[in-house]
Amino acid sequence: MLMQHEQAVITIEKVLNQLRPMIHNDGGDIQLVKYEDNIAYVKLLGACVQCPISQITLKLGVEDALKAELPELKEVVAVE
């Protein structure tokens, strides 16, 4: 049986994979860096790095999608 942390990481990766085609359409990508204390740390790549609305996408798109599948998630934080 997978530990809760490992299952959360698998769930996060699954949701990110579902969102990736839309992100790729805009020339970007997103990568999970770590999941710690119910916070997902992600790295924005490609066009997402310079995009002025990337934080809106991160909070209203990615974070909302992740919280729907992983209710214990507190927030998604972009790291460099």
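Helix 1 (4–25), strand 1 (28–36) and helix 2 (54–69) each put at least two residues into the lining of the largest pocket. Helices here are DSSP runs of H or I with at least four residues, strands are E runs of at least two, and both are numbered from the N terminus. This is a predicted model, where local features need pLDDT of at least 70 and side-chain atom pairs pLDDT 80 or more, while totals for chains, interfaces and linings use all residues. Residues are numbered from 1 along each chain as its sequence is written, and side-chain values use heavy atoms, with hydrogens and water left out.

**Overall fold**

- The chain has two helices and three strands, running α-β-β-α-β along the sequence.
- Its radius of gyration is 12 Å, close to the 12 Å that the globule rule gives for 80 residues, so the chain is as compact as a globular protein of that length. The radius is taken over C-alpha atoms, and the rule is 2.2 Å times the number of residues to the power 0.38.
- The C-alpha trace spans about 40 × 20 × 20 Å along its principal axes.
- Buried residues (under 20% relative accessible area with a 1.4 Å probe, protein chains only) make up 32% of the 80 residues.

**Largest pocket**

- A pocket is an open set of points on a 1 Å grid over the protein atoms alone, where a 1.4 Å probe fits, with protein on both sides within 12 Å along at least five of seven lines; lining residues have an atom within 4 Å of a point.
- The volume of the largest pocket is about 290 Å³, counted as the space filled by probe spheres set on points joined across faces, edges and corners.
- It's lined by 16 residues, with Met22, Ile23, Asp26, Cys48 and Thr57 nearest its centre.
- Helix 2 gives the most to this lining, five residues.
- By type, the lining splits into 11 nonpolar, three polar and two charged residues. Ala, Val, Leu, Ile, Met, Phe, Trp, Tyr, Cys and Pro count as nonpolar, Asp, Glu, Lys and Arg as charged, and the others, Gly among them, as polar.

**Second largest pocket**

- This one holds about 180 Å³ of space.
- Lys43, Leu44, Cys48, Val49, Ser54, Gln55, Ala78, Val79 and Glu80 line it, with strand 2 (39–46), helix 2 and strand 3 (75–79) each giving two or more residues.
- Its lining has five nonpolar, two polar and two charged residues.

**Ring contacts**

- Lys34 sits over the face of Tyr41, 5.0 Å from the ring centre; the cut-offs are NZ of Lys or CZ of Arg within 6 Å of the ring centre and within 35 degrees of the ring normal.

Key
Buried means under 20% relative accessible area, exposed over 50%, partly exposed in between (1.4 Å probe, protein chains only).
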